[in-house]
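This report covers strand pairing and aromatic contacts in one protein model. The sequence and structure come first.

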Amino acid sequence: MGAPGIYHEGSRAVQDRAGVRDLADHVGRAVGDGIKPVAAAFLELQPLLVLGAAAPDTGRVWASPLAGRPGFVRATGLHQMSVTGGLRPGDPLARALATDGTPVATIALDPRTRRRMRLNGELRPTDAGFAVAADRVFANCPKYIQRRESYELLPERAAGTALRGRELTDAQRAFVASADTFFLATVHDGHAEVSHRGGLPGFVRTDSAREVSWQDYAGNAMFLTLGNLAVDPRAGLLFLDWTTGTTLQMTGEGRTEFTADGERRVRFTVSEVIETPGAVPLRWSEPEPSPANPPVTT
C-alpha cells in the first residue's frame, strides 16, 4: 500500500496547513497490510492492547484496554491478528467485539522499550475472543513514550463498579491533570484509528468539567488522527492509572485549533465519562519521562 492510499482529504488538509505533505508521503510508504516477523514477535511480548472503534449500537467512539499474559495477542497469519479474551463486561465497545465486520484500530505500546505498533482492519468474533483482518500495519517512533521498565500481571485484581457521568468530577479532572499518557480513538468513512499521546504531567488540561485540551506535539507528519477529526469530530479518550489499573474513558467530539505561530491545540468536548477502578490487571513501575517531552505551557 503506497502513501497516497492511506490519506484522505482530512489528513491532506492538515498536512498542507503544516507544510509537510512531502514528508507525509515519505513516511506513509512504511505502512503496509502485512504483519512482518519482527512485528509478530513484538505483539507476542505485549500484555496490553488498546482498541479504538465506534460502538455499533450508539455510533459513539471509544478507546478501550485489553490486557493479559503475553501471547494473548499474536499474529495468526500474514494479514491477521488474533486476541484471546475480551473486554470487561459493560465496556462500551463490548458489542463491537461481538459484531462481525466492525472496523477497529489497535495499538500495542511497550513502555519498556518505547516501541509502539498500530494495526487496523475488520474484526471477526472467534470462540476464543476475536481476530482482526489487517489492512493497515505500521510502527511509530518512540517520541513521547514514558519508559516503564517492568510490570506485574495481577490476575486477582478485579474491576470495580463503573462510575458513569456526563461530565468530569473534580477527582477525574485531577486524574487527567496528572497523566503522562493517553490514547485517542477517531474514525472516518468506515475506518478507525487509535493513537498515543504523551508528555509531562499537565500536558493535558481540563478547561472545564466538559472540555479537555492538549497541545498537539510534532510527530510523524501523517496526521491520521487530526485528519479524521477534520472530517468527523467523533472521538474517544482513554486514560490509565499505570499502578492501580483504574481507567477513565471519555467519548465526545474533538476539533483542532491552529495558532498564528504554527502550533496546534486539540479541544475535546465530553459527552460521556466512564471511570472503572482496577479495570486493567497490570501494575507498572514508575515512569522515566521521554527525553522528547516539551515543557508544559499554560
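## Strand pairing

In this predicted model, strand E4 (residues 80–84) runs antiparallel to strand E7 (residues 129–140), and five bridges join the two. One of the positions involved is Val83, whose bridge partner in E7 is Phe130. Strands of a sheet pair through backbone hydrogen bonds, in either a parallel or an antiparallel arrangement.

## The sheet and its helix

E4 and E7 belong to an open sheet of seven strands, ordered E2-E1-E5-E6-E7-E4-E3, with antiparallel pairing. Strand E2 (61–67) and strand E3 (73–77) are the edge strands, each pairing on one side only. From one strand to the next, the twist averages 35°.

Helix H3 (residues 37–44) packs on this sheet. The helix touches E3 and E4, as well as strand E5 (103–110) and strand E6 (115–125). The direction of H3 makes about 85° with that of E6.

## Aromatic pairs

The structure holds seven aromatic pairs. One of them joins Phe182 and Trp214 in an edge-to-face arrangement, at 4.8 Å centre to centre and with 70° between the planes. Phe182 lies in strand E10 (residues 181–188) and Trp214 in strand E13 (residues 211–215), so this pair ties together parts that are 32 residues apart in sequence.

Are these two residues buried or exposed? Phe182 counts as buried because its relative accessibility is 0%. Trp214 is also buried, with a relative accessible area of 1%. Both residues belong to one aromatic cluster, formed by Tyr144, Phe182, Phe203, Trp214, Tyr217 and Phe239.

Key. Residues numbered from 1 in each chain as written. Predicted model: local features only at pLDDT ≥ 70, side-chain atom pairs only at ≥ 80, totals over all residues. Heavy atoms only, no water. Phe/Tyr/Trp six-rings, centres within 6.5 Å; stacked < 30°, edge-to-face > 60°. Helix = DSSP H or I, 4+ residues; strand = E, 2+ residues; numbered from the N terminus. Buried < 20%, exposed > 50% of the residue type's maximum accessible area, 1.4 Å probe, protein only. Pairing = 2+ DSSP bridges. Axes fitted to C-alpha atoms, helices over the stretch in contact; angles between N-to-C directions. Contact = heavy atoms within 4.5 Å.
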